[in-house]
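Please read the following alongside the sequence and the coordinates. The text goes through the chains one by one and then turns to their contact.

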Amino acid sequence: MADLTSNFIGIKSPNPFWLASAPPTDKAYNVRRAFDAGWGGVVWKTLGLDPHVVNVNGPRYGAIYGADRRLLGLNNIELITDRPLQTNLDEIKEVKRDYPAQAMIVSLMVPCEEEPWKMILPRVEETGADGVELNFGCPHGMSERGMGSAVGQVPEYIEMVTRWVKANTRMPVIVKLTPNITDVRKPAEAAKRGGADAVSLINTINSITSVDLDLFAPEPTIDGKGAHGGYCGPAVKPIALNMVAEIARDPGLQGLPISGIGGVTTWKDAAEFLALGAGNVQVCTAAMTYGFKIVQEMISGLSDYMDSKGITSVDEIVGRAVPNVTDWNQLNLNYIAKAKIDQDLCISCGRCFAACEDTSHQAIAMSEDRTFTVIDEECVACNLCVNVCPVEDCITMEAMAPGETDPRTGKVVQPDYANWTTHPNNPAANAAE
Amino acid sequence: MSSDVFAEGIKPGRLDQESYEAQFSDLHPPLDAHEALVAADRCYFCHDAPCITACPTDIDIPLFIRQIATGTPDAAAKTILSQNIMGGMCARVCPTETLCEEACVRELAEGKPVLIGQLQRYATDHLQEQGIHPFERGAATGKKVAVVGAGPAGLSAAHRLAMMGHDVVVHDARPKPGGLNEYGIAAYKTPDGFAQGEVDWLLKIGGITLQHDAKLGQGITLQSLRDGYDAVFLGIGLGGVNALGAEGEDKGGVTDAVDFIADLRQASDFATVPIGRDVVVIGGGMTAVDAAVQAKLLGALNVTLVYRRGRDRMNASAFEQDLAASKGVRIVTHAVPKAVHGNGAVREIEFEYVDEDMNGTGQTLRLAADQVFKAIGQTLEGDDLPELDGRKIKVDGTGRTSLDGVWAGGDCASGGDDLTVTAVAEGRDAAMDMHGVLVG
């Protein structure tokens, strides 16, 4: 069993798996169950000013599914906590007292003025919480009131509020970012300028999950109407990974700790966030889908992976893939691969053939007896066949060795690295910066 | 257990009433909507799918399963029925384990095919239970076609001909239409009057008249039909039963399995169907298994199915063999009947063991038997038929016989397996060829 203990901006937890600020962390009952199940920390569901908000009393979630009704994406229109501030503070204090080893972060969202922040921060400090997370990400409801993503979409506001918070508390401050922007580095830079100890991302993505074709209304539908919600779950992971990587590899942001959020469902997802620069991860949808017990798989899986790699601390994984994230123009155009189909694993479904023949390069041949083989003369190694094949590892991409001749182009594979910036076909290679 | 199971002889009412209902309930209960969605999700939507190739009627299986998965089972049913108008019956009786489901790539991948047969039933039931008939007749052609035999081949041909605008008269020897669907399939495969319900539904196309108690040579002749109609389709099945060739086979209690199965299907109350205490079924096909299993379900104490070759050579699929075994049928292989013993009625039947080449070994087996069912194959019956190929009517790929204006399909015709689904395909294809000839 590898050592999974985590120290994220000075906040210690038994493992790097935190529950994100969301319904699972709304009250003491849930959080106690989470800690008992093994979660390393929680970000308590966002507190606001009294009088507390009022939620809709119709459906708050919408979903999209994969095969066998596996939940792939979840959308919500729930707001921040709808309980009195003092009730939450009392429960936070009581739970933190009973679970001193687990991380207790409190998410906050109050109006964009310094006074409310000055008021609420000492009260949170008084609970013994380990830190605060500023919710600049919630994309629905609260944003209409000038909070949440309405702040997160304006870097100047992020910087201003972060500065107020840092000036009024000794607690570490995490700034939670919205993905509903064009360049995530801008809000991250603003948070850093404001003095944030870390950023967390991503919050949910503006979304309509589906349309009721009888009512002609978006879902979830409240009395015939629907409003956009915040999208999360496995489907958003690729978007989140990219945003985490964008921050992690930005020279100006290097060293800014990141708490990775967005579709983390398995230990593998978590490890990928860590590898792209996240110091820990936050989970919500997976817990909401399967319950708190999933953390046991995350713990055992990450531990086994670390043992198999000889990695002794979580920090050794953090950022390890960042040097390999680059821009397209740095990719080696001399690297040539070809698809290869393992005939022993192939079940002859022909999906690779349909995909390649109909939508790609006609690089897969189909025989009378349904044997599928790659035509190297046509294969550009696009990987679509690998992606649509239902059998893992049945189709692989095999790199050609330098010196071999690519049957598609008739050219010899070169050993040296050459990217688009030096390619003769690139008229913009020397464009003014 | 009722004490009547121990009574010797052929007797009705061996079980109590509730037992009959339980014994003869649906072999595969229908999938509910949730089960259908779970099953449909497993389909990979293969390219040029092997399951389609394996289906004698070429149903576009991946398409209909995708239609189920996307919440449109009636569209799925139309996909099925446009290729196979008896898709509902085929979903119940097809040996899917040797056809579509054997070819399913998930059978290769995981040993668990997509439940194609049950999904087909889900879709066709969904449509038919609403009484929807999704096909319409084309413009009337003024042509009249005679179909002989209201079984799967004949009704399939009739439906397609009616759809093309021809007027069709279907002649059948039995009082009810359906052929083997009505008279020749185990009751537990098609309970609740499904066969008649399907025929009623099929006839909604219009333009088809049924003529009962009309058999070639009795009331009608092939020549009279050729004279009176623009074309003739023969789907007369195999009316005769092969003899055992064993000494004493005329003794009481020795009957044809097909008659037993037909009587059972027509019985309004299974308790009235008499069955022996010690039953021996001779044969290795679906009919043999249907008879053996149903004998057991009726309360026979000992049922033995005896086949002359190994299990791998049996026409009954492995699934059917396992079904028989699971119901308590003993399967004896490599044995041929030599003599039926008894004084008037059968008491014992004697077999000789044979090797793989059917050479006698000299070793014998005697089984106690008060009832023996012969299920060693059926034969074509009738005079003045078109030219034969072996023991069946010779046809080409589109069902044309040696006689002008006469087509044939189903079990009576050469080529193809003796399966419901094959008969439906042959009837359909012959109808399309007839249509081409009729409208010239």
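Chain B has 17 helices and 19 strands, where helices (H or I, at least four residues) and strands (E, at least two) are DSSP runs, numbered from the N terminus. This is a predicted model, in which local features need pLDDT of at least 70 and side-chain atom pairs count only at pLDDT 80 or more, while totals for chains, interfaces and linings use all residues. Residues are numbered from 1 along each chain as its sequence is written, and chains are lettered from A and ligands numbered from 1 in the order in which they are written.

The radius of gyration of chain B is 22 Å, which agrees with the value near 22 Å for a compact globule of 440 residues; the radius is taken over C-alpha atoms, and the globule rule is 2.2 Å times the number of residues to the power 0.38. Along the principal axes, the C-alpha atoms of chain B fill a box of roughly 65 × 55 × 45 Å. Of the 440 residues in chain B, 48% are buried. A residue is buried if 20 or more other C-beta atoms lie within 10 Å of its own, exposed if 12 or fewer, and partly exposed in between, with C-beta atoms placed from the backbone. Among contacts in chain B between residues at least 6 apart in sequence, 70% join residues at least 24 apart; two residues are in contact if their C-beta atoms, placed from the backbone, lie within 7 Å.

Chain B contains an open sheet of 5 strands with parallel pairing, in the order E8-E15-E9-E10-E11. Two strands pair if DSSP finds at least two bridges between them. At the edges are E8 (254-256) and E11 (330-332) of chain B, each pairing on one side only. Strand E8 of chain B pairs with strand E15 (residues 371-374) of chain B in the parallel sense over 3 bridges. B:Asp256 has B:Lys374 as its bridge partner in E15 of chain B.

Chain A has 12 helices and 20 strands. Its radius of gyration is 24 Å, close to the 22 Å that the globule rule gives for 433 residues, so chain A is as compact as a globular protein of that length. Buried residues make up 45% of the 433 residues in chain A.

A parallel arrangement also occurs in chain A, where strand E9 (residues 173-176) pairs with strand E10 in the parallel sense over 3 bridges. Here A:Ile174 stands opposite A:Ala198 in E10 of chain A. On the other pairing, E10 and strand E15 (residues 258-261) of chain A are joined in the parallel sense over 3 bridges, and A:Val199 stands opposite A:Ile258. In a regular strand the side chains alternate between the two faces of the sheet. In strand E10 (residues 198-201) of chain A, A:Ala198 and A:Ser200 point one way and A:Val199 and A:Leu201 the other way, and all are buried.

A:Tyr65 lies in strand E5 (residues 61-66) of chain A. Is A:Tyr65 buried or exposed? A:Tyr65 counts as exposed because there are 12 C-beta neighbours inside 10 Å. Leaving aside neighbours within four places in sequence, A:Tyr65 is in contact with A:Arg70, A:Leu71 and A:Leu72.

Finally, the two chains touch: the contact takes 10 residues from chain B and 12 residues from chain A. Helix H8 (residues 105-110) of chain B gives the most to the side of chain B that touches chain A, with 3 residues.
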